[in-house]
Amino acid sequence: MKASSMNTHMGNISIDKEVIAQYAGAVAMECFGIVGMANVNVKDGLVSLLKLDSMTRGINVSLDQSQKLTLDFHVIVSYGVSISAVADNLIDSVKYKVEDFTGLEISKINIYVEGVRVID
């Protein structure tokens, strides 16, 4: 399923949701205090850290009727950092870079902190 379709003077551009999730995940991993994306197993109530090649499972991308994106991040943060500061940094970075990359407006970014890890 395509995330968006834009018509330009040169033709039609379609961006898949998976591409947006991969880029948003790469941007999120650059943010200070983010250890990684979390995989939430609803059945068992378990949270696990995803490897870099499967981090898009911790990100949900949805598109509303007005072609605006909503991103949901399930993250694991570093121990000892301010969660609100990390979340603000994540929102600012992702909003700026994803909007610049895709040309789509982001209406909402939801961050779900699923765990805390001690980093050596």
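Trainee: How many aromatic pairs does a search of the whole structure find?

Mentor: Happy to start there. This is a predicted model, where local features need pLDDT of at least 70, side-chain atom pairs count only at pLDDT 80 or more, and totals for chains, interfaces and linings use all residues. Residues are numbered from 1 along each chain as its sequence is written, and side-chain values use heavy atoms, with hydrogens and water left out. Rings of Phe, Tyr and Trp (its six-membered ring) pair if their centres lie within 6.5 Å, and the search gives one aromatic pair.

Trainee: Are the rings of Tyr-23 and Phe-101 stacked or edge-to-face?

Mentor: Planes under 30 degrees apart count as stacked, over 60 as edge-to-face and the rest as tilted. Tyr-23 sits in helix α1 and Phe-101 in helix α2, 78 residues apart; helices are DSSP runs of H or I, at least four residues, and strands are runs of E, at least two, numbered from the N terminus. The ring centres are 4.0 Å apart and the planes lie at 10°, so the pair is stacked.

Trainee: Is Tyr-23 buried or partly exposed?

Mentor: Buried means under 20% relative accessible area, exposed over 50%, and partly exposed in between (1.4 Å probe, protein chains only). Tyr-23 has 27% relative accessibility, so this residue is partly exposed.
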